[in-house]
Amino acid sequence: MIRTVAVLLLGLGLTACFEPIKDTHPDQVLTKRRALFKQYTRAMEPIGLMATGRKEFKQEEFLALVQDLDKLSTKPWIYFTADGNYPPTHAKPAVWSQPDAFKQAQEHYQASVHQLLLAAQAGKLEPIQHAVDGVTASCKSCHKEFRYE
């Protein structure tokens, strides 16, 4: 019994040490941009599943998801403000020290999403699969340059 209580107390103590750092910025820019990127993930997951055949491809549903992704593609960038580089950000300093390269990565991402939208509107699976690969590659490239994993 004493051992069980000791283990529970130790566990509680350790979880207190790992409490996530809160976003203390007055405008909550980190929280806002993270929320938008989570929306990306929620849209991209079923897009990827349908494009790879792990989920039934339903063109109307797929197109709606891609349209949502297209609308989202321009939104998070305003939250990378000059004063937006604070813990617990995962953004690398290159976001702010290389603004032209970061802007170019954003534009590349938006262009790849637009290509996916065009492919989704046409409804042919092979071009859709290539366009999904393009979006995924764009995300990975930007993360490699501008985000700590």
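Two residues are in contact when heavy atoms of theirs lie within 4.5 Å. With this meaning in hand, the present model, which is a predicted one, can be followed from its overall plan down to single residues.

The protein has six helices and zero strands. Read from the N terminus on, its elements therefore follow the order α-α-α-α-α-α. Of the 149 residues in the protein, 32% are buried. Among contacts between residues at least 6 apart in sequence, 72% join residues at least 24 apart.

Two packed helices are described by the angle between their axes and the distance between the axes. Helix H5 covers residues 99-122 and helix H6 covers residues 125-146; they pack at an angle of about 165°, and their axes are 8 Å apart. An angle over 145 degrees counts as roughly antiparallel, and H5 and H6 are therefore roughly antiparallel to each other. Their crossing is left-handed.

The residues that bring these two helices together can be named. On the side of H5 they include Ala101, Phe102, Ala105, His108, Tyr109 and Ser112, and on the side of H6 they include Ala131, Val135, Ser138, Cys139, Cys142 and Phe146. Sorted by class, the contact of H5 with H6 has 16 nonpolar residues, five polar ones and no charged ones.

When neighbours within four places in sequence are left aside, Ser138 is in contact with Ala105, His108, Tyr109 and Ser112.

Are they joined to a partner or not in any disulfide? A disulfide is a covalent bond between the sulfur atoms of two cysteines. For Cys139, the closest cysteine sulfur is that of Cys142, at 7.9 Å, which is too far for a bond because a disulfide needs sulfur atoms within 2.5 Å. Cys142 is likewise in no disulfide, the nearest cysteine sulfur being that of Cys139, 7.9 Å away. The count of disulfides comes to zero. As for accessibility, Cys139 has a relative value of 25% and so counts as partly exposed, whereas Cys142, at 14%, counts as buried because the limit for that class is under 20%.

Methods. Residues numbered from 1 in each chain as written. Predicted model: local features only at pLDDT ≥ 70, side-chain atom pairs only at ≥ 80, totals over all residues. Heavy atoms only, no water. Axes fitted to C-alpha atoms, helices over the stretch in contact; angles between N-to-C directions. Helix = DSSP H or I, 4+ residues; strand = E, 2+ residues; numbered from the N terminus. Parallel < 35°, antiparallel > 145°, perpendicular 65-115°, else oblique. Left-handed = near helix turned anticlockwise from the far one by under 90°. Nonpolar A, V, L, I, M, F, W, Y, C, P; charged D, E, K, R; others polar. Buried < 20%, exposed > 50% of the residue type's maximum accessible area, 1.4 Å probe, protein only.
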